[in-house]
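The text below walks through one protein model, part by part. Please keep the sequence and the structure in view while reading.

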Amino acid sequence: MAKISLDSIREELEQDGWKVISDTYTNLETEMRFECPEGHAVFVPWKKLRAKRICPTCEANVYKTEAATSKIVPKKKNVFRVLALDQATHITGFSIFDDKELIKYGTYQTQLPDTIARSNAVKVWLVNMLHNWQPDLVALENIQLQNESEGKRMMGVDVFQQLAWLQGILIECCFELGIAYTLCHTGVWRQECGVKGRTRSDRKSSMRLLAKQWYDVSVSEDEADAIGIGTYAVRQCAPNRKMISWE
């Protein structure tokens, strides 16, 4: 078997329209920087990309409406950018704000069978979103225990544990990249946004109506909650904003 080199990787990827941005190759397990045919930065080990050419940003765009599939918008000078997540292991809603302007929204979905594998997929997607969109703050919805029954089985603790794993993984991701993050309690951000309703379904519908009223967008429940979290974060965190240098 021929020895792997940076030139051999570059030659193989060029056939599919990909580019190698990293200037060194260490081994199959070492994370490298690549660029997909659409120009998105992709951070994965060569072992994974060699097996399958997947760009998390392009993959996420499959599930979005036209309004949310626009190209990456470069951040302007002195603009405070917030990436807000309504995170979950199957469907994660997200929104991106430049100051008070909603510039992108959508969902990332993964159907992997294992919880840890799904959480890792969300992490990989988030890493790429951070490098591509360069936010100054990541707003995560804080988790809460919900004892919802499914027949005679109580699902609250199991779901809480899975979301706790995911939340920890995403917080560590932000910490490693030096990006500020904030945890938004569900009850607090909903109160700030004026979400109404006694049942979960009513509150979800209320937030979708508010997103339409404020930003003139028709969105899914996951996207609407992410927009609500982003709206809250912009209102509460913007006054004390701290810009991040991505150069």
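Where does Gln134 lie? Gln134 is in the loop between α4 and β7. The model is predicted, so local features need pLDDT of at least 70 and side-chain atom pairs count only at pLDDT 80 or more, while totals for chains, interfaces and linings use all residues. Residues are numbered from 1 along each chain as its sequence is written, and side-chain values use heavy atoms, with hydrogens and water left out.

Gln134 has a relative accessible area of 28% and is therefore partly exposed. On this scale, buried means under 20% relative accessible area, exposed means over 50%, and partly exposed is in between, with a 1.4 Å probe and protein chains only. Gln134 and Lys75 are 59 residues apart in sequence, yet their C-alpha atoms are 7.5 Å apart in space.

Strands count as paired if DSSP finds at least two bridges between them. Strand β4 (residues 81-86) runs parallel to β7 and is joined to it by four bridges; Val82 has Leu137 of β7 as its bridge partner. Strand β10 (residues 180-184) also pairs with β7 in the parallel sense, over five bridges. Here Leu137 stands opposite Ala180 in β10.

A separate open sheet can be followed next. Three strands form it in the order β1-β2-β3, with antiparallel pairing. Its edge strands are β1 (19-20) and β3 (41-45), each of which pairs on one side only. Between β2 (residues 31-35) and β3 there are five bridges, in the antiparallel sense, and Phe34 has Val42 in β3 as its bridge partner.

Another antiparallel pair is made by β5 and β6, which eight bridges join. Within it, Gly93 has Thr107 of β6 as its bridge partner. The hairpin of these strands has two residues between them, and Asp99 takes a positive phi near 55° there. Strand β6 is mostly covered, with eight of its nine residues buried.

The aromatic rings come next. A pair of aromatic rings is described by the distance of the centres and the angle of the planes. Rings of Phe, Tyr and Trp (its six-membered ring) pair if their centres lie within 6.5 Å; planes under 30 degrees apart count as stacked, over 60 as edge-to-face and the rest as tilted. The whole structure holds five aromatic pairs. One of them, Phe97 with Tyr215, is edge-to-face, at 5.7 Å centre to centre and 70° between the planes. Because Phe97 lies in strand β5 (residues 91-98) and Tyr215 in helix α7 (residues 200-215), this pair ties together parts that are 118 residues apart in sequence. Trp214 and Tyr215 also form an edge-to-face pair, because their ring centres are 6.2 Å apart and their planes stand at 85°. Phe97 is buried at 1% relative accessibility, Tyr215 is partly exposed at 22%, and Trp214 is partly exposed at 28%. Arg235 lies over the face of Trp214, at 5.2 Å from the ring centre; a charge sits over a ring if NZ of Lys or CZ of Arg is within 6 Å of the ring centre and within 35 degrees of the ring normal. Elsewhere, ring pairs link Phe94, Tyr108 and Trp125 into a cluster.

The last stop is the second largest pocket. A pocket is an open set of points on a 1 Å grid over the protein atoms alone, where a 1.4 Å probe fits, with protein on both sides within 12 Å along at least five of seven lines; lining residues have an atom within 4 Å of a point. This pocket is lined by 17 residues, and Lys48, Ile54, Glu59, Ala121 and Val124 lie nearest its centre. At least two lining residues each come from α2 (46-51), α3 (56-61), β6 (101-109) and α4 (115-133). Helix α4 gives the largest share, five residues.
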